[in-house]
Amino acid sequence: MAIYRCNKCGHVAELAQDSVGMTVDCRQCGQPSTVHDTVFFVRKVLEKYFSMQASLKRAEAVTDAVEDRTKEEPQEQGRSTALEGINVYNTDLISSDLQHGPIHDWFTTKSIKIQPNHRAVDTTGFFDEVAVEIGRNYELFKMVVDQIRYAQTKNHTSVNFNLSKRAQKEAQSIAAFCRQLYDYSFASKYFYQKPEKIVRLGVQVSPQIQSFFAGEWLEWFALMQVLELSQESRARLSCTRNLTLTFSNEDAHELDVFCILNEKMPVCIECKSGEFRPLIDKYVGLRKRLGLNKAQFVICVAGLPDDQAAGLGSMYDLTFVNEQGLRAHLQSLVR
């Protein structure tokens, strides 16, 4: 059997197995919901349940430790998050007012109003996992992302990938990635014609999935690079994605990824999977208004050659990197 759960009203219902991957209207409120394979859905629910149990125990331990330290050291404690022991790929602990507190404070000192999007840093879904797969293998999976995006803009119902001319290892990786897209409901159907080495995917019409392939995947990838690095280096972190800014003159901007490392290092990452050159002057002006230096304002452009990134960085007071170079630049800031 197949199952869906409405994200709006919480209604749960079973459907026929052949509806897996489809988007259907909730029988109770009409909200579009994605249909999942029942075994896959239950397995993921159990993973999240046990992960939340472990996170709750860790949070209780941290609370006890902080209370003990507070008794000994009554000075004010920071509100940044230490990610040690947290599964950054499956947590909603980051999507809280407390975690966003240092970011609120930093912008308040500059008389800038902000509106965080808490759901944009909730990693209990699958956007982060798929984004990291794309970012780590962009040269290989770029073809898949581009063709799905094109099919979505043209309202096509399916897309085919002919892998017959690919090296065996590459073909296997692409087929496995396409299967992952289906398992995580980023595609509505999956079929592999083994003799011809052709993968067929049903195009998912969900607005969230369309936004993801239109470029939001790179924002998720950048966010996960920040979380992974902070965890590995044990740096305290406050981070956000899709942060809305309103300046005192009512100018409004949205930042793709913004974080404060070790309670003192603000970093802004703007992510572009398409044309970015017309926006360079805008970013230069925004960097100045935020009072960030060149290293702290990063333009991450998918597929940008290293030599072009270096050349652009020497022309403008911005840091340009591709998806492969983002981690190294962030590491230099943490050090």
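How many cavities of 30 Å³ or more does the structure hold? I found 1. I note at the outset that this is a predicted model.

**Confidence**

I looked up the pLDDT before reading anything else. The mean for the protein is 88, and 87% of its residues reach 70 or more. I marked residues 61-78, where pLDDT stays under 50. For that stretch the model has 5 contacts beyond four places in sequence.

**Cavity**

I then went back to the cavity. Rolling a probe the size of a water molecule over the atoms shows where empty space is left. The largest cavity has about 30 Å³ of space. I listed its lining as Ile148, Val159, Phe186, Ala187, Leu201, Gly202, Val203 and Gln204. Sorted by class, this lining has 6 nonpolar residues, 2 polar and no charged ones. S9 supplies the largest share of the lining, with 3 residues.

**Gln204**

I followed up Gln204, one of the lining residues. Gln204 sits in the loop between strand S9 (198-203) and helix H6 (207-233). Is Gln204 buried or exposed? I count Gln204 as buried because its relative accessible area is 3%, under the 20% cut-off. Leaving out residues up to four places away in sequence, I noted what Gln204 touches: Gly21, Thr23, Thr34, Gln152, Ser185, Phe186, Ala187, Ser188, Ile209 and Gln210.

**Helix H5**

Ser185, among the contacts of Gln204, comes just after H5 and takes a positive phi of about 70°. I checked the length of H5 next. The helix covers residues 168-183, so at 1.5 Å a residue its 16 residues should span 22 Å. The end C-alpha atoms are 22 Å apart, which agrees.

Which residues of H5 are buried? I wrote down Ala171, Ile174, Ala175, Phe177, Cys178, Gln180, Leu181 and Tyr182. An α-helix has 3.6 residues a turn, so residues three or four places apart point the same way. The cover over the buried residues of H5 includes helix H3 (127-136), helix H4 (138-153), strand S7 (158-162), strand S8 (187-193), S9 and H6.

**Val88**

My last entry is on Val88, in the loop between helix H1 (38-72) and helix H2 (97-108). Val88 is buried, with a relative accessible area of 3%. What does Val88 contact, apart from its neighbours within four places in sequence? I found Leu83, Thr123, Asp128, Met224, Leu227 and Gln231. Val88 and Met224 are 136 residues apart along the chain, yet I read a separation of 7.8 Å between their C-alpha atoms.

How values were computed
Residues are numbered from 1 along each chain as its sequence is written. This is a predicted model: local features need pLDDT of at least 70, side-chain atom pairs count only at pLDDT 80 or more; totals for chains, interfaces and linings use all residues. Side-chain values use heavy atoms; hydrogens and water are left out. Helices (H or I, at least four residues) and strands (E, at least two) are DSSP runs, numbered from the N terminus. Buried means under 20% relative accessible area, exposed over 50%, partly exposed in between (1.4 Å probe, protein chains only). Contact means heavy atoms within 4.5 Å. On a 1 Å grid over the protein atoms alone, a cavity is a set of points where a 1.4 Å probe fits but cannot get out, and a pocket is an open set with protein on both sides within 12 Å along at least five of seven lines; lining residues have an atom within 4 Å of a point. Grid points are joined across faces, edges and corners, and a volume is the space filled by probe spheres set on the points. Ala, Val, Leu, Ile, Met, Phe, Trp, Tyr, Cys and Pro count as nonpolar, Asp, Glu, Lys and Arg as charged, and the others, Gly among them, as polar. pLDDT is the predictor's confidence in each residue, from 0 to 100. The expected span of a helix is 1.5 Å times one less than its number of residues.
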